[in-house]
Amino acid sequence: NHAASADDMRDSDVLLFPPLETQAYEEVLSHCDVNAQRLWALYRLCESGSPCIVVTTVRALLQKMLPPETLISGCRTIRQGEEIDRDGLCASLVQCGYTRVSVVEDRGDFSIRGAVMDVFPPGCPQPVRLDFFGDMIESMKFFDPQTQRSKDEVKQVTLVPVREVLLTKDVLEDLELRAMEPPLSDMFARGKGKTFFDNMQAGLL
């Protein structure tokens, strides 16, 4: 085993920037590698000090993107040995599109079990397990999402949003108003959309 860092996860100068498969507020209901690839590419372009090759399409370039300052404001780098507010971190993850689950398997998932937090952010080859001692991150390791076994140690990781609509208070209030009227009212009337809307009204987002 060896200790990794954020730099180890950014060793590729070729970035994928695929087009969105959904439109506007519909995107808040989707969790897939498309979102992760787009936001990781945008983050790398914002923070990289060296040129990158971006593989994309005309459609992707014509779609609206969130402003760079909005993306960067939603990113957070955490380090082994750092003291953090876990409740605040959880709230931030939800705001940035992460979904709390019982077992982390896909990008955009996070879970909490006692003193352990698992999270799978864009840009990471595997999810990361944070072991806390009080409010301090005692250790950080990659783990296999299939076996759930911990692997290589990580010194630091950047948590990049997994949605291009960051669910700030203003966005949620605007979305709640729009969701009352067609065509969004149809989208939020059933299935995953209804669950999302119910959670939004209950203040769970």
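**Exercise 1. The β5–β6 hairpin**

Task: In this predicted model, find how many residues lie between the strands of the hairpin of β5 and β6, and which residue there takes a positive phi.

Solution: 
- Step 1. Go to the hairpin of β5 and β6. It has 2 residues between the strands.
- Step 2. G114 takes a positive phi, near 60°.
- Step 3. Look at the pairing. β5 and β6 run antiparallel to each other, over 4 bridges.
- Step 4. Pick out one bridge. I112 has M117 in β6 as its partner.

**Exercise 2. The other partner of β5**

Task: State in which sense, parallel or antiparallel, β4 pairs with β5, and name the bridge partner of T99.

Solution: 
- Step 1. Locate strand β4 at residues 99-100.
- Step 2. Follow its pairing with β5. The sense is parallel, and there are 2 bridges.
- Step 3. Start from T99. Its bridge partner in β5 is D109.

**Exercise 3. The buried side of α4**

Task: List the buried residues of helix α4, and explain why they lie on the same side of α4.

Solution: 
- Step 1. Find α4 at residues 86-95. L89, C90, L93 and V94 are buried there.
- Step 2. Consider the arc around the axis. These residues cover only 135°, so they sit on the same side of α4.
- Step 3. Recall the helix rule. An α-helix has 3.6 residues a turn, so residues three or four places apart point the same way.
- Step 4. See what the buried residues pack against. The strands are β3 (76-79), β5 (109-113), β6 (116-119) and β10 (156-159).

**Exercise 4. The two ends of α4**

Task: Say which backbone nitrogen a side-chain oxygen of D85 reaches at the start of α4, and which residue with a positive phi follows α4.

Solution: 
- Step 1. Begin at the start of the helix. A side-chain oxygen of D85 comes to within 3.1 Å of the backbone nitrogen of D87.
- Step 2. G97 follows α4, and its phi is positive, near 100°.

**Exercise 5. E164**

Task: Decide whether E164 is buried or exposed, and name the side chain in polar contact with its side chain.

Solution: 
- Step 1. E164 is in the loop between β10 and α5 (169-178).
- Step 2. Apply the cut-off. Buried means under 20% relative accessible area. E164 has 12% relative accessibility, so it counts as buried.
- Step 3. Look for a partner. The E164 side chain makes a polar contact with the side chain of R38, at 2.4 Å.

**Exercise 6. The whole chain**

Solution:

Conventions:
Residues are numbered from 1 along each chain as its sequence is written. This is a predicted model: local features need pLDDT of at least 70, side-chain atom pairs count only at pLDDT 80 or more; totals for chains, interfaces and linings use all residues. Side-chain values use heavy atoms; hydrogens and water are left out. Buried means under 20% relative accessible area, exposed over 50%, partly exposed in between (1.4 Å probe, protein chains only). The arc is that of the directions from the helix axis to the C-beta atoms. Contact means heavy atoms within 4.5 Å. A polar contact is a pair of N or O atoms within 3.5 Å; within protein, one must be able to donate a hydrogen and the other to accept it, and residues adjacent in sequence count only if both atoms are side-chain atoms. Two strands pair if DSSP finds at least two bridges between them.
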